[in-house]
Amino acid sequence: MTPRAQGWIVAAASLAADQASKNWLLYGQHFRELGPAARIDVTSFFDLVMVWNRGVSYGMFQAGSMAGIVFLTLFSLAAVAALSWWLRSADRRFLALGLGLVIGGAIGNVIDRVIYGAVADFFHFHAFGHDWYVFNVADAAITVGVVALLLDAFVRPETKNEAKSSGSR
């Protein structure tokens, strides 16, 4: 299987996992019974909470109006289009998997923004007096995908081969 095909499969899987988790939490009994300020304690360091994020990562660039929502949606779709174009020519597995994770996560959050006007976030980690932001599966996919893209950029197999061949001259 080509790296491109693997990237598309990862994009579809991350999108499906994101939407399944959101539907399970939004439409299951979990938050519907508890209301909009729901909090479910899972462990001493992890809770499920209901947060509607009207911005992008970490709540930056909050979109309080319809124009803001449309802008963030179009920006995300443009990013998905550019990353999809890049994935078409990806010839390394790590690059393709990173692109697939970012594409799937971005589409998952776009779906929320189109349907609800905001992105549903649920997962809240906290420990040792630190409180991390609330996120969802799409956010996790985007974060891991960006890390994979950075690793691919800095640890490319052909970069090592080029360094060896140029050092032997």
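Predicted model: local features only at pLDDT ≥ 70, side-chain atom pairs only at ≥ 80, totals over all residues.
Residues are numbered from 1 along each chain as its sequence is written, and side-chain values use heavy atoms, with hydrogens and water left out.

The secondary structure of the protein chain comprises 6 helices and 4 strands, where helices (H or I, at least four residues) and strands (E, at least two) are DSSP runs numbered from the N terminus. Along the sequence these elements follow the pattern α-α-β-β-α-α-β-β-α-α. Of the 169 residues of the chain, 40% count as buried, the term buried meaning under 20% relative accessible area, exposed meaning over 50%, and partly exposed lying in between (1.4 Å probe, protein chains only). The accessible surface amounts to about 9900 Å², of which 69% belongs to carbon and sulfur atoms; such areas come from the Shrake-Rupley method with a 1.4 Å probe, and for residues only the protein chains shown count as cover. Among contacts (heavy atoms within 4.5 Å) between residues at least 6 apart in sequence, 65% join residues at least 24 apart.

The 4 strands form an open sheet in the order 1-2-3-4 with antiparallel pairing, two strands being taken to pair if DSSP finds at least two bridges between them. The edges of this sheet are strand 1 (39-41) and strand 4 (130-131), each of which pairs on one side only. Strand 1 is joined to strand 2 by 3 bridges in the antiparallel sense, and these two strands form a hairpin with 4 residues between them. Strand 2 (residues 46-53) is mostly covered, with 6 of its 8 residues buried, and it pairs with strand 3 over 6 antiparallel bridges. Strand 3 (residues 119-127) in turn pairs with strand 4 over 2 bridges, also in the antiparallel sense, and here alanine 127 stands opposite histidine 130.

A salt bridge is here a side-chain nitrogen of Lys or Arg within 4 Å of a carboxyl oxygen of Asp or Glu, and the structure holds 6 of them. Within the pair, aspartate 47 counts as buried because its relative accessibility is 3%, whereas arginine 39 counts as partly exposed because its value is 45%.

Arginine 92 meets two aspartates. With aspartate 91 it forms a salt bridge at 3.3 Å, N to O, and with aspartate 152 the closest N and O atoms are 2.7 Å apart. The latter pair links distant parts of the chain, since arginine 92 lies in the loop between helix 3 (66-88) and helix 4 and aspartate 152 lies in helix 5, 60 residues apart. Aspartate 91 counts as exposed because its relative accessibility is 54%, while arginine 92, at 15%, counts as buried, as does aspartate 152 at 5%. Elsewhere, Asp18, Lys22 and Asp112 are linked in a network of salt bridges.

Helix 4 (residues 93-116) contains 24 residues and reaches 34 Å from its first C-alpha to its last, close to the 34 Å expected at 1.5 Å a residue, the expected span being 1.5 Å times one less than the number of residues. Just after this helix, glycine 117 takes a positive phi of about 80°. In helix 1 (residues 3-27) is found glutamine 6, which counts as buried at 18% relative accessibility and touches Met1, Arg93 and Leu97, residues up to four places away in sequence not being counted.

A nonpolar patch on the surface is formed by Phe94, Val146, Val147, Leu150, Leu151, Phe154 and Val155, which together have about 660 Å² of accessible area. Patches are made of residues with over 30% relative accessible area and no salt bridge, like charges being joined within 9 Å and nonpolar side chains (Val, Leu, Ile, Met, Phe, Trp, Tyr) within 5 Å. Helix 5 (residues 137-154) gives the most to this patch, with 5 residues. Valine 155 is found in the loop between helix 5 and helix 6 (157-167) and is partly exposed, with a relative accessible area of 45%.
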